[in-house]
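Me: I have a structure open and would like to go through it with you. Could you take my questions as they come?

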Amino acid sequence: MSIQTQNQESETSKISEIFKKYSAYFQASPLVIVLFIFAVVPVAIILMYSVFIFDGFVTRPGFTFTSYIDFFSEWSSLLNLWHTARIFIITWVITLVLGFIISYFLVFDLISFRVKVFFFLLTVVPFWTSGVVRMTSWIPFLGSKGILNSFLINIGIVDEPVQFFLFSEFAVIVSYIHMFTLFMVAPLFNVMARINPNLIEAAKDQGASGFQILRFIIIPMSKPGIIIGTIFIVALVATDFTAIRILSGAQSGSLANSVSVAFFNGFYPIAAAQSVILLALLLLFVGGLMRVVDIRKQM
Amino acid sequence: MISFWQNSTTPMKIRGAIFLLFVIFLYGPLITIGFLAFQGPEGGLTFPMKGFSLYWFKQVILPDYLFDFRLPWLRSFILGIIVMIITIIISFMAGLAYRRGFKGSNLVFYGVIGSLIAPPFLISLGIGLGFANLELLSSWYSGGLGAHLTWSLPFGVLIMLAIFARFDPSIEEAATDLGATSWQRLRFVIFPIVLPGLIAIGLFGFTLSYDEFARTSLVAGDANTLPVDMVSATANAARPDLYAVGTLTTIFSLLIIVLAFGVVYILERKRGIFSAATGSSTDENENYTKSMH
Amino acid sequence: MSEITKKVNSKVSRRSVLKGTAAAAGAAVGTGAISGFPTLWAQEKVVLRSVGSGVSHIEPWQKQAEKDLGIKIEMTALGFDGIQNKILTQPKSFDIAEPAGNQMRRIWGSPAAKLQPIEIKRLKHWDECIGMYKSSMKTWSDAKIGDGQHPAKVLYNPGKKKANKFAKAGGSDYLTFMPTVHNADTLGYRRDLVGYEIETWAEMLNPKWKGKVCLQAFPDICMMDLAMAIEARGDIKYGNKGNMTKEEIDKTFVILNDLKKQGHFRAFWTTFMESVNFMTNGEAVIQSMWSPAVTLVQTQGIDVVYADLKEGYRGWTIGNVLAGHLKGKKLDAAYELLNWQWAGFPGALFGRQGYYAPTPERTKKFMSADEYAYWIDGKPTKDGITSPFGGPLAKPGDVRDGGSYKNRMGNIAVWNSEYDEFAYLVKKWSAFQAA
């Protein structure tokens, strides 16, 4: 009798052990399934298309590396890469500083949870108006007869309208900051909210200055948020083709722009090959980032 | 709730000012759009305003010449809600899985990153071609939904990782020591702490889906979503109805959010159903304040 | 809600009127879109899914077609690149599509596109179609044929489902597409800022307008506009502006890169909306435009002229293609729609936006005499023209820019084309953007 009970008990514990052991797999499975069907398979299809034959008008099944060779033999590819990198770095620095200050304000300066959420929402609402319309609405603001130029002329800072406000890299970066800062705020906000306030209190009691608290507590502990925000920003900047086209007046190149030009003209193997290259470059970048700070190890 | 703010110091005022300027910066274009939507029938896309009327709103609600944005909007809204719900659930589960750790987590992580940084057309084209090769018709609620998830899930999962990255395991251990079952631990310990993050993920999910064009463009099948229709409209017309659509949808979404907040608030008051969630965070924060004083 | 009820009611009454057509039982069940009740009532109607541009895919077009034909039309409006992508990657997502004539080599050559040729004998109004689409390739005997891909060169299908080669104009009983709309494009300019009448494409390169010139960002079309200007200025004499050689493309980009460095171009636009914005905001003084965009800017009280240039116009055509999967009742309905496209109402609808339809005699029946005189004959309007939104578009006595149908369409210097070296051009274009 007693042996039987023991057996039963060990069996239940075995089941719960198995469940415990595999629950992580169960929990990860929906993610894996969705990503497999809608990201891995499509990327595989694109890989296949990137080696198809393109005769100048029409895509045919086949096997050739022409589209890749084409990319690497063009000087402009390197130029595009440089443009993408430069715009990313400028955007990243600005969104990081801005995002850090905003998150800090939301987390440490505001008191109530509801107020925090309300203020956070305030920054999300503008995203519910069509992006294309929002981008186009920069034209009356930054243009040569726009609000900003009229203002500057009126107060006498400049005599002539400043042309580079619109249809320039400047305009592109302004719109990126406008659209992407939120993506830096969100992870930073969540990471900062998890910092134990007692830690800050303790530091204060020890006589640490505000700067020291920032330098030795808040910034190190916000690192995962910074890294994740960086991944968001690089992904958004490197794959954007709309804002860069509209706000540079289609006069600025980037890898994503080059992909979209090929794509819109129906040059699928070329667009596919360039996409694959872009994807590989971005994965390398994130891989390198993980070597600096591995957000998974920080768990 | 004593006050919205901490005791105000100069750095805090500077941060507040930066936040305020940022909000003005965010809303600038929106205000332009909002004003220009109220023009008369002869109105254009730029200042000065020509006339003042509700003509373009009427054109959007009861179109007699322009595009019919009503069904595309409804599709986008429903799709946004579905994406939001799925993103919250899957991201939360994935976050828990990563907390425990599992074999192949590294691979899945790079899958998530890959999905995030994949050029949007690539995803759309890949899914579209996949459907075409299977002789199936992709639509906004099949291929479109999948394409949106490849975009919203990485955001959700990564934010979840950010949350769990600084999650103090001692809290959970304490709960286990007190005899909490794993379900209780999840419901009363983990869930309340990650709730703000889940709200953020939900908002991201909705927002990313609601304004997604490139990923949808080749998988929407024979029924467009709103962003696809809006882009088509800019390709073919230049009238303030686009502004009216933007204004209307924003107001509507805002109302929904306010309503949701109201419902949560009332439920909380009535049954304390969310007290474990929002309440604890509030208390937590109010405790900071008290200790700070 | 009341709108839905109205729709249901109107559908019910229409249904009783059109019992004959309704016999197409079960041809179309609800298509899965959120259409609610109406599909229940409309079940017995044939549903056609049409993908097209904003030129035709507007409410009045859909409503009138549904009313006249007793079918249901689910329309999706896209840009031309979107339409082409749909045809090439999602052949099942439409029954009828409306690509441009200068996409035919890509569309008909592609093994992925599943289309079927259009039988001329099933087109009721074929005899009334203008000569431009027939063997002469001319509507008027003294009309120019123009450089590049004249639509008649890609219009005739040898009769096979897949055709890399097209039959010569008038040389087949099958069409690749049925033309619906065509027009002649040129430069638009701010007369108030320029101060004189612009008469030549070369004006686009005049250093006087440095930083105030805008062009289209479609590489193929932009290239032809530039070629018109460069040739007019006398820099390069092109063999065929609509089919440049590699050398010609290279030479053109040398000039283009130089101009970009000098800051000659303000911006390149991709959407109709941008082109209007550039003009109304004063970013552009002179820019390549579409006719309705000019009209729209004019209705806002800005003195823009759609220039009538001595070198001629850049012509284009769009039209309907039939999906390969259409058969039986659906195919019949599709042909009915095609015939309706040429029956007059759409022609008038497009005409009021400044476009032309291939059956002008039928268009005439659906326009007032004054409208027809203004839009097609290029004569002064007696009573003034109102825009579709009720605002004044032209005052009594005004004449349409560029004048008559013949003056514009008979004077095409180059057609929107697909160069043999198109892939090379696009590559160079990307490099130009990056430079």
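Reply: Gladly, and one term first: a residue counts as buried if 20 or more other C-beta atoms lie within 10 Å of its own, with C-beta atoms placed from the backbone. Please keep in mind that this is a predicted model.

Me: Which residues of helix 8 of chain C are buried, then?

Reply: The buried residues of helix 8 of chain C include C:Pro219, C:Asp220, C:Cys222, C:Met223 and C:Met224, and 11 of the 15 residues in this helix are buried, so that it is mostly covered.

Me: How far does that helix reach from its first C-alpha to its last?

Reply: Helix 8 of chain C, residues 219-233, reaches 21 Å, close to the 21 Å expected at 1.5 Å a residue, and it is followed by C:Gly234, whose phi is positive, near 95 degrees.

Me: Switching to chain B, at what angle do helix 3 and helix 8 of chain B pack?

Reply: They pack at an angle of about 140 degrees with their axes 8 Å apart, and helix 3 of chain B passes helix 8 of chain B in a right-handed crossing.

Me: What classes of residue make that contact?

Reply: There are 10 nonpolar, 7 polar and no charged residues; among them are B:Gly80 and B:Met84 of helix 3 of chain B, and B:Gly202 and B:Phe206 of helix 8 of chain B.

Me: And how many residues does the contact take from chain C and from chain B?

Reply: The contact takes 40 residues from chain C and 36 residues from chain B; on the chain C side, helix 10 of chain C gives the most, with 5 residues, and by class that side has 16 nonpolar, 19 polar and 5 charged residues.

Key: Residues numbered from 1 in each chain as written. Chains lettered and ligands numbered in written order. Predicted model: local features only at pLDDT ≥ 70, side-chain atom pairs only at ≥ 80, totals over all residues. Contact = placed C-beta atoms within 7 Å. Helix = DSSP H or I, 4+ residues; strand = E, 2+ residues; numbered from the N terminus. Nonpolar A, V, L, I, M, F, W, Y, C, P; charged D, E, K, R; others polar. Axes fitted to C-alpha atoms, helices over the stretch in contact; angles between N-to-C directions. Left-handed = near helix turned anticlockwise from the far one by under 90°. Expected span 1.5 Å × (residues − 1). Buried ≥ 20, exposed ≤ 12 C-beta atoms within 10 Å, placed from the backbone.
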